[in-house]
Amino acid sequence: MPNYHRVWVPGSTCFFTLVLRNRSRTLLTDHVDSLRLAFLQALSQRPCEVIAAVVLPDHLHCIWRLPIDDPDNAVRWRHIKALFSRSLPLNDERVSASRYRKRERGVWQRRFWERQLRDERDLAAHVDYIHMNPVKRGLVARPSDWPHSSIHRFIRRGELSPDWACAPVALDRGGE
């Protein structure tokens, strides 16, 4: 079994990707209120700053700034994943023997992807990536059209305009 090591850097800013086990499911957007509640509950016990986030049907991206005194992001994610999984109906879910022994549901891929961000430029690039992801996935034409994105917070604070990253509309010259 591989031995995964996570880097714990107090106060670091990290980009995360978490993916459903079955990429054809739409559990995250179908049950977005349950996911939101799982975040609130988990992060109320182990706070961190959520800088940006987007929830898509089969995966999510987040950027967190971890506190100086508690850099354990894996515990936070484990708690969020468990709370969300427990909130879902069982339906037709298949659970392997290995997952059953570990009392895991078959909702999430076991691991998650993380990357420590180097500087403000790296942070800005990843925030843009998060906000553009629904467009990249073909879910909406404009980033602000996707309801499950922190772009709306950025727009409310005046950091982005509602038409951010939208291509300008070509004027019809009427055959000139």
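This passage describes the fold of the protein, then strand 3, helix 5 and Ala 53.

The model is predicted: local features need pLDDT of at least 70, side-chain atom pairs count only at pLDDT 80 or more, and totals for chains, interfaces and linings use all residues. Residues are numbered from 1 along each chain as its sequence is written, and side-chain values use heavy atoms, with hydrogens and water left out.

The protein contains six helices and four strands. Helices (H or I, at least four residues) and strands (E, at least two) are DSSP runs, numbered from the N terminus. Their order from the N terminus is β-α-α-β-β-α-α-β-α-α. Of the 176 residues, 41% are buried, where buried means under 20% relative accessible area with a 1.4 Å probe, protein chains only. Among contacts with a separation of 6 or more, 67% join residues 24 or more positions apart.

Strand 3 is largely enclosed by the rest of the structure, because six of its seven residues are buried. Strand 3 pairs in the antiparallel sense with strand 1 over seven bridges and with strand 2 over six bridges. Two strands count as paired if DSSP finds at least two bridges between them. Phe 16 stands opposite Cys 62 of strand 3. Ile 63 in strand 3 is the bridge partner of Ala 52. A hairpin of three residues joins strand 2 to strand 3.

Helix 5 spans residues 120-136. Its 17 residues reach 23 Å from first C-alpha to last, close to the 24 Å expected at 1.5 Å a residue. That expected span is 1.5 Å times one less than the number of residues. A kink of about 30° lies at Ile 130, shortly before Pro 134. The bend is the angle between axes fitted to the seven residues ending at a residue and the seven starting there. The buried residues of helix 5 include Leu 123, Val 127, Ile 130 and Pro 134. An α-helix has 3.6 residues a turn, so residues three or four places apart point the same way. The buried residues of helix 5 pack against strands 1, 2, 3 and 4 and helix 6. Just after the helix, Gly 138 takes a positive phi of about 75°.

Ala 53 lies in strand 2 (residues 49-55). Ala 53 counts as buried because its relative accessibility is 18%. Not counting residues up to four places away in sequence, Ala 53 touches His 61, Cys 62, Ile 130, His 148, Ser 149 and Ser 150. Ala 53 and Ile 130 are 77 residues apart along the chain, yet their C-alpha atoms are separated by 6.4 Å.

How values were computed. Buried means under 20% relative accessible area, exposed over 50%, partly exposed in between (1.4 Å probe, protein chains only). Contact means heavy atoms within 4.5 Å.
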